[in-house]
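Please open the model in a viewer and keep the selection panel at hand.

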Amino acid sequence: MSTEESEQSQSVVFDDGAPTAARVYDVMLNGKDNYQIDRQVAEASLAVMPELKEIALHNRAMLHRVVRYLAAEQGITQFLDLGSGLPSARNTHEVAQEVNPDAKVVYVDIDPIVLAYGRALLENNANTRVVTADIRKPDEVLALPEVRELIDFDKPVCVMLVGILHHLLDEEDPNGIVATLRDAVPAGSYFFITNFTRLSDTPESDQLEEVLLSQLGTGRVRTPAELAEYFDGLEILPPGIVPLPLWRPEEIVIDATTVGVRFMTGGVALKT
Ligand code: SAM
């Protein structure tokens, strides 16, 4: 972190010396908003799965394709980005508002550093908000004034759970959280979900889960069948729940057999 950035965030960010998922992910995206403790977790994760940086880029690239598709081709004007992470190049609001300057975007993240950076970046953007909240309490998130001010729950919303549900343990009931969100939005809304995916042919899934659990206290790499349950009651759009680069690709995917391509899968689904 530069001195200026660190001064800017010091007043609002309580750094307790523990690594956070937001900052570890920032390391994966080659960002500069992270501490040594976060880089250590990133290094331990990369030691078991060197493809993680490539995977993070695939995740961001899918986010861009999905938001553009929903804003441009499905007329979605509201995006609730849950577990949004630190602002990085071409965030949800940039992509959505490029298509429709009136598109509304609310970023929600448990890590206050996201708010610290977001607040400065979005000062002059009336159609975007950042809020610190815990999606394990979805009813509270949905009731937040910052959410209600921008998102009209009588109109279709895109609910984004991108790279976050693998940070929730089974006992935190990710399926129940998605179900609560699904019940809160009207027909015509979309769910966009990506998640680490357990590969049966490699040992890395178990090893990565161990690193994340021991160093971040969160981490659950789920099977394709478990991931499909997130989409219960929704109509999954073609091409389905697929390795991220294969979701409506804009470029030819030369080799779809690698761990870097297959370890994270995702999909988009419509509430009918
Ligand atoms: N969605 C972004 C993306 O895919 O580019 C960032 C994904 S990052 C891997 C996961 C984010 O989820 C982190 O910023 C972390 O702080 C956030 N997160 C983890 N648990 C959360 C919770 N219970 N409530 C809200 N945010 C959470």
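Select Phe-263 together with its contacts, a contact being heavy atoms within 4.5 Å. Leaving aside neighbours within four places in sequence, Phe-263 is in contact with Met-49, Ile-55, Asn-195, Phe-196, Thr-197, Leu-199, Ser-205, Leu-208 and Val-221. This is a predicted model, in which local features need pLDDT of at least 70 and side-chain atom pairs count only at pLDDT 80 or more, whereas totals for chains, interfaces and linings use all residues. Residues are numbered from 1 along each chain as its sequence is written, and side-chain values use heavy atoms, with hydrogens and water left out.

Phe-263 lies in the loop between helix H12 (259-262) and strand S8 (264-270). Helices (H or I, at least four residues) and strands (E, at least two) are DSSP runs, numbered from the N terminus. Is Phe-263 buried or exposed? Its relative accessibility is 0%, so Phe-263 counts as buried; the term means under 20% relative accessible area, with a 1.4 Å probe and protein chains only.

Next, select strand S4 (residues 158-162). Five of its five residues are buried, so S4 is largely enclosed by the rest of the structure. Cys-158, Met-160 and Val-162 point one way from S4, while Val-159 and Leu-161 point the other way.

Now show the strands paired with S4, where pairing requires at least two DSSP bridges between two strands. Strand S1 (residues 78-82) runs parallel to S4 and is joined to it by four bridges; Leu-82 has Leu-161 as its bridge partner in S4. Strand S5 (residues 190-196) is also parallel to S4, with five bridges between them, and Val-159 has Phe-191 as its partner in S5.

Select helix H9 (residues 174-184) next. Its buried residues include Pro-174, Ile-177 and Leu-181, and what covers the buried residues of H9 includes S1, S4, S5, helix H7 (138-143) and helix H11 (224-230).

Finally, select helix H4 (residues 52-73) and helix H5 (residues 92-99). They pack at an angle of about 30 degrees, with their axes 9 Å apart, the axes being lines fitted to C-alpha atoms over the stretch in contact and the angles running from 0 to 180 degrees between N-to-C directions. The contact is made by Leu-63, His-64, Val-67, Arg-68, Ala-71 and Ala-72 of H4 and by Thr-92, Val-95, Ala-96 and Val-99 of H5.

Notes: Buried < 20%, exposed > 50% of the residue type's maximum accessible area, 1.4 Å probe, protein only.
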